[in-house]
Amino acid sequence: MNQFLNKRPINQILAALPESEYDRLLPYLEFVELSVGQVLYNPQENITQVYFPDRGIVSLVYILEDGATAEVGLIGKEGVVGLPVILGGNSTINQAIVQIEGSAYKIDAIRLKNEFDRGGKLQQMLLLYTQALLTQISQTAVCNAQHTIEERLARWLLTVQELLDTTEELPLTQEFISNMLGTRRSGVTVAAGRLQAAGTISYRRGKITILNQEELELIACECYQILKDEFRRLLSFECD
């Protein structure tokens, strides 16, 4: 058994499982490192492994025919990568790609589906997380259509910081951010410059540091607080 499984994971779903359910999963959980750019599954690909991130961030990305990309969802320690497995679809139109390195607990898709079908606490938490992620995806669509790049950038940076639970530098290039926001790099450059001029962030050589979170929250669109409140409401898991 992997030495990293001697203690409860940071991942909030696994950490909140009752002992009986966690013990059933434990023999099948594998601790793995996640590297930047690692693809966990591709569009229309049968998902054979499910990941519970412990650290790092995975993006759900839609890829257009011309190669352009746009992020539709962010997954960190609060969630799971591979929801189509428990929903019965087994594949999706999006790509799951690691955007910030970290670690995760990997499990065979069939094993997880079998445990889900038992109808215990895991099932309840995964269904609540599904609702939370659907809320994030729908809110992101509205945000991208209605809010300025500066507002969206502020929201996105705050969300990333929260998922990583850190106040340290975030390894984010402007090219990467533009791909995630589905906008031109020049627009991100201007927006990042305004946030830096306002004293809310510091940007240098692919590293961004949030200097004033309160001010950045005031700049961010309403979507940030809406999603934060909804995730807290749905995902306040308590262990039985």
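## Where helix 7 meets helix 8

In this predicted model, Gln 174, Glu 175, Ile 177 and Ser 178 of helix 7 are in contact with Arg 185, Val 188, Thr 189 and Ala 192 of helix 8, where contact means heavy atoms within 4.5 Å. Sorted by class, this contact of helix 7 with helix 8 has three nonpolar, three polar and two charged residues; here Ala, Val, Leu, Ile, Met, Phe, Trp, Tyr, Cys and Pro count as nonpolar, Asp, Glu, Lys and Arg as charged, and the others, Gly among them, as polar. Helices (H or I, at least four residues) and strands (E, at least two) are DSSP runs, numbered from the N terminus.

Two packed helices are described by the angle between their axes and the distance between the axes. The axes of helix 7 (residues 174-181) and helix 8 (residues 185-197) come within 8 Å and cross at roughly 110°; such axes are lines fitted to C-alpha atoms, for helices over the stretch in contact, and angles run from 0 to 180 degrees between N-to-C directions. Helix 7 and helix 8 are therefore roughly perpendicular to each other, given that angles under 35 degrees count as roughly parallel, over 145 as roughly antiparallel, 65 to 115 as roughly perpendicular and the rest as oblique.

## How the model is read

Residues are numbered from 1 along each chain as its sequence is written, and side-chain values use heavy atoms, with hydrogens and water left out. Since this is a predicted model, local features need pLDDT of at least 70 and side-chain atom pairs count only at pLDDT 80 or more, while totals for chains, interfaces and linings use all residues.

## Helix 5 and its two partners

Helix 5 packs against helix 10 at an angle of about 175°, with the axes 10 Å apart, and the two helices are therefore roughly antiparallel to each other. On the side of helix 5 the contact includes Leu 128, Tyr 129 and Leu 133, and on the side of helix 10 it includes Ile 226, Leu 227 and Phe 231. By class, the contact of helix 5 with helix 10 has ten nonpolar, four polar and two charged residues.

Helix 4 (residues 109-116) also packs with helix 5, at an angle of about 105° and with the axes 8 Å apart, which makes helix 4 roughly perpendicular to helix 5. Leu 112, Glu 115 and Phe 116 of helix 4 meet Leu 122, Gln 123, Leu 126 and Leu 127 of helix 5, and the residues of this contact divide into five nonpolar, one polar and one charged.

The largest pocket holds about 380 Å³ of space. On a 1 Å grid over the protein atoms alone, a pocket is an open set of points with protein on both sides within 12 Å along at least five of seven lines, a cavity is a set of points where a 1.4 Å probe fits but cannot get out, and lining residues have an atom within 4 Å of a point. Grid points are joined across faces, edges and corners, and a volume is the space filled by probe spheres set on the points. Of the 14 residues lining the largest pocket, Glu 78, Glu 162, Leu 163, Lys 228 and Phe 231 lie nearest its centre, and helix 10 gives the most to this lining, with six residues. The lining of the largest pocket has six nonpolar, three polar and five charged residues.

The second largest pocket holds about 220 Å³, and among its 15 lining residues Leu 60, Leu 83, Pro 84, Leu 133 and Ile 137 are the closest to its centre. Helix 5 supplies the largest share of this second lining, four residues, and the lining has eleven nonpolar, four polar and no charged residues.

## One cavity

A search of the whole structure finds one cavity of 30 Å³ or more, and the largest cavity holds about 110 Å³ of space. Its lining has 13 residues, of which Glu 71, Leu 74, Thr 140, Arg 155 and Trp 156 are the closest to its centre. Strand 4 (69-75) gives the most to the lining of the largest cavity, with four residues.
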